[in-house]
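Please open the model in a viewer and keep the selection tool at hand. The stops below say what to select next and what is to be found there.

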Amino acid sequence: MDRLKASARLMIVSDLDHTMVDHHDPENISILRFNALWEAHYRLDSLLVFSTGRSPTLYKQLRKEKPMLTPDITIMSVGTEITYGTSMIPDNGWVEFLNQKWDRKIVTEETSKFPELTLQSETEQRPHKVSFYVDKDKAHSVIKALTEIFEKRGLDVKIIYSGGMDLDILAQGAGKGQALAYLHKKFKGEGKLPTNTLVCGDSGNDAELFTIPDVYGVMVSNAQEELLQWYSENAKDNPKIIHASERCAAGIIQAIGHFSLGPSTSPRDGSDFISSKVKSVSAGGEIVKIFLFYERWRRAEIEQSELYLATVKADFDKSGFIVLPSGVEVSLCDAINGMRSSYGDKQGKQFRVWVDRVLPTKISSDTWLVKFNKWELSGEEQQGCVTSCLINMKDGVSGACYMHIHQTWLEGSGGKDDSTWLF
Ligand SMILES: [Mg+2]
């Protein structure tokens, strides 16, 4: 990862479905809490890694459905594909490594003889992964038979059963754990081994993550039986692994606190944040705070107070202005004044605002150019824009002073209407 010049303070390696993403939480509360925590306290010097069983196609689909941050590294298709950054550049070294002792043809040929196996959709069949569905009660015998057959044919593969239905056959070197071990080795070679690594999962294909030396681990409260069983048989004496009492992303936050890996109070957990005497000392913290205020004001979750508006206004340069995604330019003062009439206009409605990849660049002793993606979810529609803020901030002395904000639509975000955007 070129973004960080030194070792990451914390590397979180998290599964997505039912770990980072709670499919039983239509309000997405826990992932939004995690997002705010990450952007306020970790983005700058830590690494976020998503490790999912999903193929790139289904992963991209999930990103459109849920308020997910952009990870630094994406591990997909059960640890068979590693990509970096927003452009998702593949790790070719990993591809070459997986090619050893792998013959996809033999796998498809032998598995076609098992009527118990139902092939998953075409998008889930990947160069180093062949995926099926199989009933729970048949899984054990099928895996046993397949293992013997592949052995006879001299093929070194890994068979993983997950979620009580998914059967993945991978190249032996692959898997979520192996992919993480590969990354650790790579970072170590660059002298940038993360200070702490926290792995997070809920199902069978996550078990390998917990076997990597020196990592902290959290099995979220809603973890599947297969993972809990693996834990009780293999890792129950390891004090670095916990079974959280909280679901999904809330369990990840709980683990950060439990292992004292850094701040574990999400800005979303506070209610009196805007009038708080304790000012945030990071640009990320400031950006998260201002957009959280904006969300809560429009949802009428905070008091309709002139004092709040005055406090926010005090953080905005009087001669500053904002360029909205449509190109319309408004003075920062007018933008705040415009908030008066929009108090509670999203009350009782699905309306959330979050920021992603808040990355500040220092351009003079107390001036920062902060770039990030700002997202609004209103009803069913999710719109995003690239935002640049010029911020004056004296380190550790006071909060930020916004001098200029510029927004343009994020490519492919579906956003084209900013008529209800205030800033
Ligand atoms: Mg999962």
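Select helix H1 (residues 29–41) together with helix H9 (residues 283–298): the two pack at an angle of about 145 degrees, and their axes are 6 Å apart. Axes here are lines fitted to C-alpha atoms, for helices over the stretch in contact, and angles run from 0 to 180 degrees between N-to-C directions. Helices (H or I, at least four residues) and strands (E, at least two) are DSSP runs, numbered from the N terminus. Within this pair, Ala36, Glu39 and Ala40 of H1 meet Gly284, Gly285, Val288 and Leu292 of H9; contact requires that the C-beta atoms of two residues, placed from the backbone, lie within 7 Å. The residues of this contact comprise 4 nonpolar, 2 polar and 1 charged. In that division Ala, Val, Leu, Ile, Met, Phe, Trp, Tyr, Cys and Pro count as nonpolar, Asp, Glu, Lys and Arg as charged, and the others, Gly among them, as polar.

The model is a predicted one, in which local features need pLDDT of at least 70 and side-chain atom pairs count only at pLDDT 80 or more, while totals for chains, interfaces and linings use all residues. Residues are numbered from 1 along each chain as its sequence is written.

Next, select Pro263, which is placed in the loop between helix H8 (248–258) and H9. Not counting residues up to four places away in sequence, Pro263 touches Leu37 and His41.

Now display the strands in the order S5-S4-S3-S2-S1-S10-S11-S12, which form an open sheet of 8 strands with mixed pairing. Pairing requires that DSSP finds at least two bridges between two strands. At the edges are strand S5 (89–90) and strand S12 (241–243), each pairing on one side only. H8 packs on this sheet and touches S1, S10, strand S11 (216–219) and S12, its direction making about 145 degrees with that of S11. Strand S1 (residues 10–14) and strand S10 (residues 196–201) run parallel and are joined by 5 bridges; the bridge partner of Leu10 in S10 is Asn196.

**Strand S3 and its partners**

Select strand S3 (residues 73–76). In a regular strand, side chains alternate between the two faces of the sheet. Both faces of S3 are covered, with Ile73 and Ile75 buried on one side and Thr74 and Met76 buried on the other. Strand S2 (residues 47–51) runs parallel to S3, and 3 bridges join them; Ser51 stands opposite Ile75. S2, helix H2 (residues 56–65) and S3 together make a right-handed β-α-β unit, meaning that, with the strands pointing away from the viewer, the path from the first strand over the helix to the second runs clockwise.

On to strand S4 (residues 81–84), which runs antiparallel to S3 and is joined to S3 by 4 bridges. Thr74 stands opposite Thr83 in S4. S3 and S4 form a hairpin with 4 residues between them, and Ser77 in the turn has a positive phi of about 50 degrees. Val78 is found in the loop between S3 and S4, and has a positive phi of about 50 degrees although it is not a glycine. Val78 counts as buried because 30 other C-beta atoms lie within 10 Å.

**The sheet of 4 strands**

Move to the open sheet with the order S6-S7-S9-S8, whose 4 strands pair in antiparallel fashion. Strand S6 (118–119) and strand S8 (157–162) are the edge strands, each pairing on one side only. Between strand S7 (residues 129–133) and strand S9 (residues 166–171) there are 5 bridges, and Val130 has Ile169 in S9 as its bridge partner. Helix H4 (residues 104–111) lies across S7, S8 and S9 and runs at about 20 degrees to S7.

**Final selection**

Finish at Glu329 in strand S14 (residues 329–331). Glu329 counts as exposed because it has 11 C-beta neighbours inside 10 Å. Leaving aside neighbours within four places in sequence, Glu329 is in contact with Phe321 and Val323.

Definitions and conventions. A residue is buried if 20 or more other C-beta atoms lie within 10 Å of its own, exposed if 12 or fewer, and partly exposed in between; C-beta atoms are placed from the backbone.
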